[in-house]
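Dear colleague,

I am handing over the structure below, and I would be grateful if you could look through it before reading my notes.

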Amino acid sequence: MAHKFVIEQNKAGEYVAKFKHNAETIFWTEGYASKASAKNAIESILKNGPAAPVEEG
């Protein structure tokens, strides 16, 4: 599958959830102190993202 979420640690030791297409990072979350918090961020995106409105500036 080409699209996936990946949880990685950044240089500060925080966990970051990244959404990737092949090897390219499309977007990422803020850093979290625990891996569980990064997983919760992914769950929130999957739950709330499909219904989120699109705003243009």
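Is Phe5 buried, exposed or partly exposed? With a relative accessible area of 26%, Phe5 is partly exposed, since that value falls between the 20% limit for buried and the 50% limit for exposed. Please keep in mind that this is a predicted model.

In one of them, the rings of Phe5 and Phe19 have their centres 5.0 Å apart and their planes at 55 degrees, so the pair counts as tilted. This pair links distant parts of the chain, with Phe5 in strand 1 (residues 3-9) and Phe19 in strand 2, 14 residues apart. Phe19 is buried, its relative accessible area being 18%.

Phe5 forms another aromatic pair with Phe27, and this one is edge-to-face, at 6.5 Å centre to centre and 75 degrees between the planes. Here too distant parts of the chain are linked, because Phe27 lies in strand 3 (residues 24-28), 22 residues from Phe5 in strand 1. Phe27 is partly exposed, at 31% relative accessibility. Together, Phe5, Phe19 and Phe27 form one aromatic cluster.

The other residue I looked at is Lys20, which lies in strand 2 (residues 15-21). Lys20 is buried, with a relative accessible area of 15%, and its side chain makes a polar contact with the side chain of Glu8 at 3.2 Å. Leaving aside neighbours within four places in sequence, Lys20 is in contact with residues including His3, Val6, Glu8 and Ile26.

Key:
Residues are numbered from 1 along each chain as its sequence is written. This is a predicted model: local features need pLDDT of at least 70, side-chain atom pairs count only at pLDDT 80 or more; totals for chains, interfaces and linings use all residues. Side-chain values use heavy atoms; hydrogens and water are left out. Helices (H or I, at least four residues) and strands (E, at least two) are DSSP runs, numbered from the N terminus. Buried means under 20% relative accessible area, exposed over 50%, partly exposed in between (1.4 Å probe, protein chains only). A polar contact is a pair of N or O atoms within 3.5 Å; within protein, one must be able to donate a hydrogen and the other to accept it, and residues adjacent in sequence count only if both atoms are side-chain atoms. Contact means heavy atoms within 4.5 Å. Rings of Phe, Tyr and Trp (its six-membered ring) pair if their centres lie within 6.5 Å; planes under 30 degrees apart count as stacked, over 60 as edge-to-face and the rest as tilted.
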